[in-house]
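Subject: Structure handover

Hello,

My notes on what turned up follow below it.

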Amino acid sequence: MTAALAVVLLLLGLDIRFGLFRRPGCRLPALMYHHFTDEAGPGTMISGARFREQMTALKDAGFTAVTLEEVRDYVLDGVPLPAKPVLITMDDGYTSNLTIAAPVLEELGFCATVFMIGCYEGEILDFRSGNYIWEERFSYEQALPWVEKGVLDLQSHSFDMHRLIEEGIGQRDGMLREAGESAEDYAAAVRADLEQFRARREGRVPTDLMAVSFPFGFWTDELDALLRQEGIDFTFTTVSCGNLLRPGQPESIRVMGRFNVEEECSGQKLVKRLERTLKGGI
């Protein structure tokens with residue numbers, strides 16, 4: 001009887017720690033934004049008014065914006081997440097993330113993760129081409145007040161791999177392997193890019209570097225494995241799908257999907273989409 005009780009208690013402890021026997025996990029929708037403008041713009045440009053409407057609708061529907069640290073704590077240690085979590089992300093590091101989006105997030109008690117292109121941080125010119133960088137990019141110092149308030153977290157969109165072969169600057173599409181490149185040389189290139197990003201970020205941002213958003217969404221198992229070896233806990237694609245987090249399974253926070261949000265998406269439509277994701281829809 002005593003032995004049986006001990007086994008039950010052991011299994012209960014494992015369940016609490018890792019969620020092995022109860023609940024399938026926690027569904028987490030992630031949103032992907034880029035640049036914000038005063039007026040509606042083309043492509044991935046979102047007006048401040050639309051962004052406010054979308055965020056207000058999520059707030060009114062009971063969604064809670066979560067941080068990467070909270071997500072990691074859930075997966076690694078079983079720390080519960082809110083009932084209706086949402087991860088808000090922004091790619092490229094546009095200054096409009098600070099001037100337009102951050103005040104809305106702060107007002108609503110939300111937060112977001114910004115994936116920055118390291119070599120564009122605070123720059124006006126592209127150091128490789130000498131051309132002006134499209135739209136202003138913020139510096140770590142400009143973003144620091146928002147980071148300290150917990151509104152923004154700054155992660156990596158690569159240091160200098162947000163490029164395409166067709167641009168004529170390099171022979172690599174995003175962080176993918178070059179044609180004819182050896183496995184050793186490829187691993188060294190990925191490692192060097194991450195080291196450059198870390199070096200430029202070091203001492204200027206008070207949060208851990210734990211995530212990479214693949215440039216253009218291009219990824220392979222080889223690339224993800226290399227980033228894992230370098231201590232990156234999260235990786236993100238541009239695949240439009242939800243995510244199922246499982247306690248005790250760190251692979252569930254790798255190659256995560258994100259819903260691209262556009263100007264045409266009303267707050268009501270966004271809420272319906274995320275509600276469907278939480279119920280197990282794609």
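**The loop between β7 and α5**

Glutamate 136 sits in the loop between β7 and α5. Helices (H or I, at least four residues) and strands (E, at least two) are DSSP runs, numbered from the N terminus. This is a predicted model, where local features need pLDDT of at least 70, side-chain atom pairs count only at pLDDT 80 or more, and totals for chains, interfaces and linings use all residues. Residues are numbered from 1 along each chain as its sequence is written, and side-chain values use heavy atoms, with hydrogens and water left out.

Glutamate 136 counts as exposed because its relative accessibility is 51%. The classes are buried (under 20% relative accessible area), exposed (over 50%) and partly exposed (in between), with a 1.4 Å probe and protein chains only. Neighbours within four places in sequence aside, glutamate 136 is in contact with Gly93, Tyr94, Thr95 and Gln142. Contact means heavy atoms within 4.5 Å. Serine 96 is 40 residues from glutamate 136 in sequence, but the C-alpha atoms are 8.0 Å apart in space.

Leucine 125 is in the loop between β7 (112-116) and α5 (140-148). At 40% relative accessibility, leucine 125 is partly exposed. Ile124, Leu125 and Tyr132 make a nonpolar surface patch of about 370 Å². Patch residues have over 30% relative accessible area and no salt bridge; like charges are joined within 9 Å, and nonpolar side chains (Val, Leu, Ile, Met, Phe, Trp, Tyr) within 5 Å. Accessible areas are Shrake-Rupley values with a 1.4 Å probe; for residues, only the protein chains shown count as cover.

**Salt bridges**

The structure holds 19 salt bridges. The criterion is a side-chain nitrogen of Lys or Arg within 4 Å of a carboxyl oxygen of Asp or Glu. One network links Glu121, Glu123, Glu141, Arg200 and Arg204.

Take glutamate 121. Its side chain meets that of arginine 200 in a salt bridge (2.8 Å, N to O). That pair links distant parts of the chain: glutamate 121 is in the loop between β7 and α5, arginine 200 is in helix α6, and they are 79 residues apart. Glutamate 121 is buried, at 4% relative accessible area. Arginine 200 is partly exposed, at 22%.

Glutamate 121 also forms a salt bridge with arginine 204 (2.8 Å, N to O). Arginine 204 lies in the loop between α6 and β9 (211-213), so this pair ties together parts that are 83 residues apart in sequence. Arginine 204 is partly exposed at 25% relative accessibility.

Glutamate 178 and arginine 172 form another salt bridge (3.5 Å, N to O). Here glutamate 178 is partly exposed, with a relative accessible area of 27%. Arginine 172 is buried, at 11%.

Which residues cover the two sides of β2 (residues 30-33)? Ala30 and Met32 are on one side, Leu31 and Tyr33 are on the other, and all are buried.

β2 pairs with strand β6 (residues 85-92) in the parallel sense, over four bridges. Strands pair if DSSP finds at least two bridges between them. Leucine 31 has isoleucine 88 as its bridge partner in β6, and tyrosine 33 stands opposite methionine 90. β2 also runs parallel to strand β12 (residues 259-260), joined by two bridges. In β12, leucine 31 partners phenylalanine 259.

Eight of the eight residues of β6 are buried, so the strand is largely enclosed by the rest of the structure. β6 pairs with β7 in the parallel sense, again over four bridges. Aspartate 92 has methionine 116 as its bridge partner in β7. Strand β5 (residues 64-65) runs parallel to β6, with two bridges.

**Backbone points to check**

Most residues other than glycine have a negative phi, and most peptide bonds are trans. Serine 158 is not a glycine, yet has a positive phi of about 85 degrees. Serine 158 is in the loop between β8 (152-156) and α6 (183-201) and is buried, at 1% relative accessible area. Valine 255 has a positive phi of about 50 degrees.

**Whole chain**

The chain has eight helices and 12 strands. Its radius of gyration is 20 Å, close to the 19 Å that the globule rule gives for 282 residues, so the chain is as compact as a globular protein of that length. The radius is taken over C-alpha atoms, and the rule is 2.2 Å times the number of residues to the power 0.38. Buried residues make up 48% of the 282.

Best regards
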